[in-house]
Amino acid sequence: MPNSHSFYRRLRFLLWSGAAVFALTIAGLFVLRGPSAPVEVAYSGEADIRSDFELVDHTGRPVTEADYAGRWQLVFFGFTNCPDVCPTTLAYMATALDLLGEDAGRVAPLFITVDPERDTPEVMADYVANFHPDLVGLTGSNDQVTAAAHAFKVYHEQLPDAEAADGYRMAHAGHIYLMRPDGRFEAVFLEGDQPPEDLAREIEMRIETEGRS
């Protein structure tokens, strides 16, 4: 596969342009467990959503939220075998990062797997390289991933599926979290709710506001 940044930008454009077909049609903060069983995700306040994790990045380095302190965090939970929502959302995030220009350096884009059994650091490294050079893939043990998902209040579940790879599929929330430089919750977004230009402007506005405070 070509390694040029222009190739990945074209790939992201093709993935994002298909978002209308694949994006979750979610009104408010809820996720779909399956085709017939909606599961509500309750958010009782921003204090309940926090950046707090002990994981391993795609280079094999143990990391915590402290490694990204001082930067805004753009966080998405998914998995590499995801057929639609994950690639379109990561492409969307990557496009927004490109639109941020110099401000992109003040943002840590994090992709946390909900499928650590298959998503090893090596697998994550190959996957995130398809989207953006700054995208960080994070994995770990099942307990570590579960704890990270709990901190962000992210629903995920392994569901048996004889037709899926390895006999199971992952159901998970499709939200993108924007976390403040101190790790506190700032905002949540859903790919498909607004174009990446608007997401970039939302992030830029918050960065500028922080700089004036």
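Start with helix H4, residues 121-128. Helices here are DSSP runs of H or I with at least four residues, strands are runs of E with at least two, and both are numbered from the N terminus. Met124, Tyr127 and Val128 are the buried residues of H4. They span an arc of only 85° around the axis, so they sit on the same side of H4; the arc is taken from the directions from the helix axis to the C-beta atoms. Glu122 and Asp126, on the other side of H4, are exposed. Buried means under 20% relative accessible area, exposed over 50%, and partly exposed in between, using a 1.4 Å probe and protein chains only.

What do the buried residues of H4 pack against? They pack against helix H3 (85-100), strand S6 (107-113) and strand S7 (136-139), where contact means heavy atoms within 4.5 Å.

## About the model

This is a predicted model, in which local features need pLDDT of at least 70 and side-chain atom pairs count only at pLDDT 80 or more, while totals for chains, interfaces and linings use all residues. Residues are numbered from 1 along each chain as its sequence is written, and side-chain values use heavy atoms, with hydrogens and water left out.

## Rings together

Rings of Phe, Tyr and Trp (its six-membered ring) pair if their centres lie within 6.5 Å; planes under 30 degrees apart count as stacked, over 60 as edge-to-face and the rest as tilted. That rule gives 6 aromatic pairs. One of them is Phe76 with Phe111, stacked at 6.1 Å centre to centre and 15° between the planes. Phe76 belongs to strand S5 and Phe111 to strand S6, so this pair ties together parts that are 35 residues apart in sequence.

Phe76 is buried at 0% relative accessibility, and Phe111 is buried with a relative accessible area of 0%.

## Gln73 in strand S5

Strand S5 (residues 72-78) also holds Gln73, which is buried with a relative accessible area of 1%. Its side chain makes a polar contact with the side chain of Ser51 at 2.7 Å. A polar contact is a pair of N or O atoms within 3.5 Å; within protein, one must be able to donate a hydrogen and the other to accept it, and residues adjacent in sequence count only if both atoms are side-chain atoms.

Leaving aside neighbours within four places in sequence, Gln73 touches several residues, among them Phe53, Glu65, Leu110 and Tyr177.
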